[in-house]
Amino acid sequence: MNFSNEFKPQSLASTHVPAYAKEALDCIDEHSPLGKTLQKAKEQLRLQSILEESLAQIGLESLINQVHASEYKASSTDWLLLALSPAISHRLQQKLPSLIGALKKHLPDLQIVQVKLAPQLKANSASRVKTESVATPAELPVSAMTAWQKLYEEIKDDPEQDALRLAIERLLAHQSTKK
């Protein structure tokens with residue numbers, strides 16, 4: 001792996017790396033913090049493609065964008081998959097034996113696959129409940145609007161009623177923008 005050339009602009013990236021420079025670049029790749037991060041990212045992409053191919057093999061192509069692969073270590077025999085919704089999680093649980101069979105073609109040491117909800121869903125579902133529970137105010141009936149306008153006309157010139165007058169102005173302005 002040689003990530004050093006991947007981050008260079010096209011004009012600076014050479015197509016042929018001299019032998020003496022290759023050893024130095026490999027050393028940089030191995031000892032750079034970016035090298036480890038890049039390796040993890042590439043491994044994650046490989047695992048996701050294995051998962052997508054396996055889902056397609058068992059007829060669950062529609063779930064490809066709704067299931068994500070977590071980190072899998074070769075020394076481990078179990079793998080965690082993250083589903084974006086409870087319904088998808090349940091569907092994967094039903095097809096788990098077939099999915100494990102398809103995954104074993106690429107990961108022969110795999111024994112256990114766990115399916116859990118992705119953490120983002122839990123945070124989003126709480127905020128979704130809050131936003132859905134907030135009702136939009138209903139439009140006032142014509143009789144109520146007439147009453148507010150009449151009250152506004154009565155207190156319009158009274159300096160002691162400034163706060164009430166401003167509140168009624170906002171109410172009337174808001175109701176007129178709804179129409």
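What percentage of the 179 residues of the protein count as buried? The share is 26%, where buried means under 20% relative accessible area with a 1.4 Å probe and protein chains only. This is a predicted model, in which local features need pLDDT of at least 70, side-chain atom pairs count only at pLDDT 80 or more, and totals for chains, interfaces and linings use all residues. Residues are numbered from 1 along each chain as its sequence is written, and side-chain values use heavy atoms, with hydrogens and water left out.

**Overall architecture**
- The protein has 7 helices and 3 strands, taken as DSSP runs (helices H or I, at least four residues; strands E, at least two) and numbered from the N terminus.
- Along the sequence, these elements follow the pattern α-α-β-β-α-α-β-α-α-α.

**The sheet**
- The 3 strands form an open sheet in the order S1-S2-S3, with mixed pairing; two strands pair if DSSP finds at least two bridges between them.
- Strand S1 (67-69) and strand S3 (112-117) are the edge strands, each pairing on one side only.
- S1 pairs with strand S2 (residues 78-83) in the antiparallel sense over 3 bridges, and Ala69 has Leu81 in S2 as its bridge partner.

**Helix H4**
- Within helix H4 (residues 96-104), the residues Leu96, Leu99, Ile100, Ala102 and Leu103 are buried.
- Seen down the axis of H4, these buried residues fall within an arc of 165° (taken from the directions from the helix axis to the C-beta atoms), so they line one face of the helix.
- An α-helix has 3.6 residues a turn, so residues three or four places apart point the same way.

Conventions. Buried < 20%, exposed > 50% of the residue type's maximum accessible area, 1.4 Å probe, protein only.
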